[in-house]
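Welcome! Here is a short tour for anyone meeting this protein for the first time.

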Amino acid sequence: MKKTTILLGVAIVLGALVLTSAAFTVDQTQQAIVIQLGRPVGDRALGPGLHFKLPLVQNVVFFDARILDFDAKPEEITTTDKKYMNVDSYTKWRITDPLTFYTKVRTIQGARARLDDIVRSQLRVALGRYTLIEVVSHKRQEIMDAVTLRSKELLQPYGIEVLDVRIKRTDLPAENARSIYGRMKAERERQAKQYRSEGLEASAKIKATADKDRAVILADAEKQAEIIRGEGDGQATKVYADALSRSPEFYEFTRSLDAYKRGFEKNSRFIMTPETPFLKHLK
C-alpha cells in the first residue's frame with residue numbers, strides 16, 4: 001500500500017512536470033511557431049492563447065506581432081546632378097508570416113540586416129533619379145512612396161511587410177552646402193533683379209499712361225474753356241452792341257467807368273489837365 005502511494009505520487013509529479021513543459025501561452029502582442037528538430041511544425045503560426053507542445057522534442061519560438069521600427073544609419077547618397085547628401089531614414093515594418101520569416105531570416109537581427117540591404121539600395125536608386133533641390137523640396141513624398149512600395153514587394157517573400165519608409169533628415173557635406181547656398185543666393189538675386197526690372201517697366205508704362213491721360217484731359221478742358229470763353233465774348237459783344245444801339249451815351253459812360261477802374265489801380269499816376277476828355281465824366 002505504501003509503495004503504491006509512492007508510485008502514484010511520483011506519477012502525479014511526473015505528469016505535472018510533463019504538463020507544465022508541454023503547455024505554453026502566447027501573449028496578445030506575440031505570435032509563435034513550434035519547432036521540432038529545427039523545422040517548423042504545422043502550416044500556420046499560433047495566435048494568442050494557451051497551446052501545447054511535445055516536451056523535450058519540440059520548442060517554441062516567439063515573434064513580436066506589433067509594428068516595429070528600424071532606424072538605419074545615415075548614408076551618403078549621390079543625386080542625379082552629382083550632389084552628395086547624408087540621408088538618415090527609418091522603416092516601419094512587421095512580421096506577417098512567422099513560418100516564412102523563421103525559414104528565411106530566423107531572427108529579428110537577420111530581418112534588420114535584410115531591411116538594411118534592401119531599403120538602402122532602394123533609397124539610393126530612388127534618390128539618384130532626382131536633383132538635390134527636388135529631393136529636399138517637392139519630390140520627397142513621391143520618393144518615399146516609391147521606396148516604400150518597392151521595398152514592400154522585395155521583402156514580402158521573407159514574411160516581412162514594410163509599412164512605411166521615411167527620411168528623417170538630409171544633411172549636406174560642408175563643401176556641397178556652400179555650393180548650394182551660393183547657387184540659391186545667385187538665383188534669388190537674379191529673380192530679384194528680374195522682378196525689379198519688371199516693376200520699373202510697369203511703373204514707366206503707368207506713368208506714360210497717366211501723362212497721356214493728363215494731357216488729353218487738359219487739352220479737352222482748354223478746348224471747352226475756349227469754347228465757353230468765345231461764347232461769353234460773343235454774348236458780351238452782343239450786349240454791348242445792343243446797348244450802343246439803344247443808348248450811345250450810356251454805353252460810353254459804362255466803358256469809361258471800366259477804363260477808370262483798370263487805370264487807377266495799383267497806385268497809377270497820370271498827368272492830365274481838367275480839359276482832358278478822359279476825365280469828362282468826373283467833372
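A contact here means heavy atoms within 4.5 Å. Among contacts in the protein chain with a separation of 6 or more, 65% are between residues 24 or more positions apart. This is a predicted model, in which local features need pLDDT of at least 70 and side-chain atom pairs count only at pLDDT 80 or more, while totals for chains, interfaces and linings use all residues. Residues are numbered from 1 along each chain as its sequence is written, and side-chain values use heavy atoms, with hydrogens and water left out.

The protein chain has 7 helices and 9 strands; these are DSSP runs numbered from the N terminus, with helices (H or I) of at least four residues and strands (E) of at least two. Of its 283 residues, 25% are buried. Buried means under 20% relative accessible area, exposed means over 50%, and partly exposed lies in between (1.4 Å probe, protein chains only). The chain exposes about 19900 Å², with carbon and sulfur atoms supplying 57% of that area, as computed by the Shrake-Rupley method with a 1.4 Å probe.

| Residue | Relative accessible area | Class |
|---|---|---|
| Ser 89 | 5% | buried |
| Arg 106 | 42% | partly exposed |
| Ile 133 | 44% | partly exposed |

Let's begin with Ser 89, in strand E8 (residues 84-95). Beyond its neighbours within four places in sequence, Ser 89 touches Phe 70, Asp 71, Ala 72, Leu 123, Arg 166, Ile 167 and Lys 168.

Arg 106 sits in the loop between helix H2 (98-104) and helix H3 (108-127). Although not a glycine, Arg 106 has a positive phi of about 70 degrees. Most residues other than glycine have a negative phi.

Ile 133 belongs to helix H4. Together with Val 136, Tyr 181 and Met 184, Ile 133 makes a nonpolar surface patch of about 380 Å². Such a patch joins nonpolar side chains (Val, Leu, Ile, Met, Phe, Trp, Tyr) within 5 Å, from residues with over 30% relative accessible area and no salt bridge (a side-chain nitrogen of Lys or Arg within 4 Å of a carboxyl oxygen of Asp or Glu). Helix H4 (132-136) and helix H6 (174-246) each supply at least two of the patch residues.

Which residues of H5 are buried? They are Ile 143, Met 144, Val 147, Thr 148, Ser 151 and Leu 155. Seen down the axis of H5, these buried residues fall within an arc of 130 degrees, so they line one face of the helix; the arc is taken from the directions from the helix axis to the C-beta atoms. The buried residues of H5 pack against H3, H4 and strand E9 (160-171).

Key: Patch = residues over 30% accessible without salt bridge, like charges linked within 9 Å, V, L, I, M, F, W, Y side chains within 5 Å.
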